[in-house]
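The structure is shown below.

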Amino acid sequence: MERQRLDKWLWHARVVKARPARAALIEAGHVRINGVREKAPGHAVKAGDVVTIGLDRGVRVLKVLGFAERRGDASAARVLYEDLQGSRE
C-alpha cells in the first residue's frame, strides 16, 4: 500500500479514540499535511508526509512511515509514524 485516506490513517495510528472524531477533526481544519491545511477526510497521505494535528492536549507532529489494513494495539500503531516533536526534545 502506497497511500491511505487521511481519516483512516489517523484511526489506525491511534491519534483519535473514536471513529467519528477523525472526520470532525479534519473538517474543522485541525490537520495539516506538509504544512497545508487539509479539510477533506478522504485526502490521501503517503509515506514521508508530515502530518500536524491540533488536539485538545496540544499539537502532534508525525511523519508517516507506513500504513495498516486494520487498527491494532498501541505498539502496532507506533510503527506507522515517527513523532517529530519527541526527537527534538
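This is a predicted model: local features need pLDDT of at least 70, side-chain atom pairs count only at pLDDT 80 or more; totals for chains, interfaces and linings use all residues.

Residues are numbered from 1 along each chain as its sequence is written, and side-chain values use heavy atoms, with hydrogens and water left out.

**Overall form.** The protein contains four helices and seven strands, where helices (H or I, at least four residues) and strands (E, at least two) are DSSP runs numbered from the N terminus. Their order from the N terminus is β-α-α-β-β-β-β-β-α-β-α. The radius of gyration, taken over C-alpha atoms, is 12 Å, which agrees with the value near 12 Å for a compact globule of 89 residues; the globule rule is 2.2 Å times the number of residues to the power 0.38. Along the principal axes, the C-alpha atoms fill a box of roughly 30 × 30 × 25 Å. Of the 89 residues, 37% count as buried (under 20% relative accessible area, with a 1.4 Å probe and protein chains only).

**Strand pairing.** Two strands pair if DSSP finds at least two bridges between them. Strand 5 and strand 6 form a hairpin with two residues between them, and strand 6 also pairs with strand 7.

**Aromatic rings.** A search of the whole structure finds one aromatic pair; rings of Phe, Tyr and Trp (its six-membered ring) pair if their centres lie within 6.5 Å, and planes under 30 degrees apart count as stacked, over 60 as edge-to-face and the rest as tilted. The pair consists of Trp9 and Tyr81, which are edge-to-face at 6.4 Å centre to centre with 75° between the planes. Because Trp9 lies in helix 1 (residues 6-12) and Tyr81 in strand 7 (residues 81-83), the pair ties together parts that are 72 residues apart in sequence. Trp9 is buried, with a relative accessible area of 0%, and Tyr81 is buried at 13%.

A further ring carries a charge over its face: Arg71 lies over Trp11, at 3.7 Å from the ring centre. The criterion is NZ of Lys or CZ of Arg within 6 Å of the ring centre and within 35 degrees of the ring normal.

Methods. Buried means under 20% relative accessible area, exposed over 50%, partly exposed in between (1.4 Å probe, protein chains only).
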